[in-house]
Structure formats: structure tokens, C-alpha cells
Amino acid sequence: TIGFDVIGPVVHRWMLALDQYIGYFDDENTAFLYCTRAGLRIQELYRVYLEGLGRRTQGNHQILWASRIAVCKGTFSRQRDRSSTVIAREYWNSPLRELTQGVLCNCPEILQRLSLDGRDLDAHGFNFPGWIKSNNEAAVALRDYLERSSVAFDLMMSELTQSRSRVVLIDSGWQGTMQSLLTHAYPEREFFGLYLGRILGGRHDESISDRVIGLLFQAEKYHPDNPETAITLHRHLFESMLEPNTGSVE
């Protein structure tokens, strides 16, 4: 009942707004990228919405198979400090040992070669931006991995966007961290973000605020006069609905 009577109309209104903005941006110079994980189900919701109208998307709609951390890896060589800062936030109070293991979780062959017993790896993750520049064995190996990841990511972005100069990211929200990373890594392209809502936290990138678009609301807290802002109190309800129960995407 809650899904049909409450959430259903909200999602339908969201798809209406998404369709209107896509129609506004859609031209031969624009690529639409659905950001995983939530983008998988958003793309399916939009497909069902369009099917009801007898329409479908064109070839400029693609899945961006990359989590926030994967985008950090992919943009590392282009903007080391910004990428390192976001990685540090994800592992803020975890030791650098766990950070290294997490970032290299899909590369056991690299981890097997490293000794992660050093006391310097007991330091918290917020030290990562400085540590990654050091000559520590793990830092050197991780730096090499991140540089190679950046080469691969450049190739993927080139294939997804072709020669299009504008990229529109489609995701659940909320403050456009991935959009910020991509904006500064690829200044030759213009990046917009279409999100369920926009909730700008204290660490948001002010330089892109006007291109972070909340389709249902743009607010940092609940305002009784605007019922849709209740999502600021219950955003995890939508994240749970949209994100498949699976691991991060590399």
C-alpha cells in the first residue's frame, strides 16, 4: 500500500521531471550517463515510463559503470588532490591499511606482493592525501595502480561520450560529488546532474551548484510548506529502493 499509494506517485512525478529535463538537454552534443548503482534502476524506471508513452531513449543514453570510489581512481592522474580528498573521506577513521585493502580489493595480485604490517599504516585514512605522495611501498604500488586506472577510465569516458561536449549525469543524488570529480577532471566537457533531489552538505562543490539539479526539490532540510522536502529526512528510503543489493561497481 505504501509503495503504490505513496511512493508510486512520487516516482511518477520524478520521471515526469526527468523526462522534461532530458527533452531540454537532448541534442547531438549531449550524452546521458546513468550512474551506478542507482542508475541501473533509474534507467529501468525511465524505460517503463517512456514505454507507457510509446517512446524510447536513443543511443546517447548509457550506463556509467563506476562507483564514486571508482571515479576517484579514474580521475586520479588528472586531479590527484581532489580525488585523494574524496577517498580520504570514505575511509576517514579507518587505518590506511584498510584503505589500501579496500581500494585494491579487486586486485589481489597486487595485495599479495605488499606487506601491510608497517606501523605507518595504522594512521587514519584522513592522512591519505599526504601519504599517497610518499615513498612507502604500499603508497608507491597504489599510486601506480591509480595512474593505470586513470588511463583506463579516460578510454571508457571517451567511448561513452564520443565527441559530445555536454554530459548529463542521472542519479539519485544528492550533492553531486561524482559530478564535481568529472567536471574538474574533464574541463573540455560540460557536466550537469539530474537527481531525485539536491541536498547540499557542508562539503559540496560551490563551483557546480547551479548545475546540480534536484528534480523534485532543492533543500537542505524539511520545510512543512513544501512536502516534497520530507525526502531530506527519509532519503535512505529512496536509496534502498534504487540501489541493487550488491557490491560497489568497478
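1. Helix H8 in this predicted model covers residues 137-161, a run of 25 residues. At 1.5 Å a residue, such a helix should span 36 Å, and its end C-alpha atoms are 36 Å apart, so expectation and model agree. The expected figure rests on 1.5 Å times one less than the number of residues.

2. Both ends of H8 carry a local feature. At the start of H8, a side-chain oxygen of Asn 136 comes to within 2.7 Å of the backbone nitrogen of Ala 138. Just after H8, Gln 162 adopts a positive phi of about 55°.

3. On confidence, the protein has a mean pLDDT of 94, with 100% of its residues at 70 or more. The lowest confidence falls in helix H10 (residues 235-242), with a mean of 88, while the highest belongs to strand S3 (residues 166-171), at 98.

4. The largest pocket has a volume of about 910 Å³. Of its 38 lining residues, Arg 68, Glu 90, Asp 171, Gly 173 and Glu 243 are the closest to the centre. By class, the lining comprises 12 nonpolar, 15 polar and 11 charged residues.

5. Which elements each supply at least two residues of the lining of the largest pocket? They are helix H3 (68-74), helix H4 (80-90), helix H5 (96-103), strand S3, helix H9 (177-185) and helix H10. Among these contributors, S3 has the highest confidence in the protein and H10 the lowest, a point to bear in mind when reading the pocket.

6. Thr 75 is located in the loop between H3 and H4. Its relative accessibility is 0%, and Thr 75 therefore counts as buried, the cut-off being under 20%. A polar atom of the Thr 75 side chain lies 2.8 Å from the backbone oxygen of Val 71.

7. His 61 belongs to strand S2 (residues 61-64). At 8% relative accessibility, His 61 also falls in the buried class. Between His 61 and His 234 there are 29 Å in space, C-alpha to C-alpha, and the two are 173 residues apart in sequence.

8. Gly 247 and Gln 179 are separated by 68 residues in sequence and by 21 Å in space, C-alpha to C-alpha.

How values were computed
Residues numbered from 1 in each chain as written. Predicted model: local features only at pLDDT ≥ 70, side-chain atom pairs only at ≥ 80, totals over all residues. Heavy atoms only, no water. Helix = DSSP H or I, 4+ residues; strand = E, 2+ residues; numbered from the N terminus. Polar contact = N/O pair within 3.5 Å; in protein donor to acceptor, adjacent residues only side chain to side chain. pLDDT = per-residue confidence, 0-100. 1 Å grid on protein atoms, 1.4 Å probe; cavity = no way out; pocket = protein on both sides within 12 Å on 5 of 7 lines; lining within 4 Å. Points joined across faces, edges and corners; volume = space filled by probe spheres on them. Nonpolar A, V, L, I, M, F, W, Y, C, P; charged D, E, K, R; others polar. Buried < 20%, exposed > 50% of the residue type's maximum accessible area, 1.4 Å probe, protein only.
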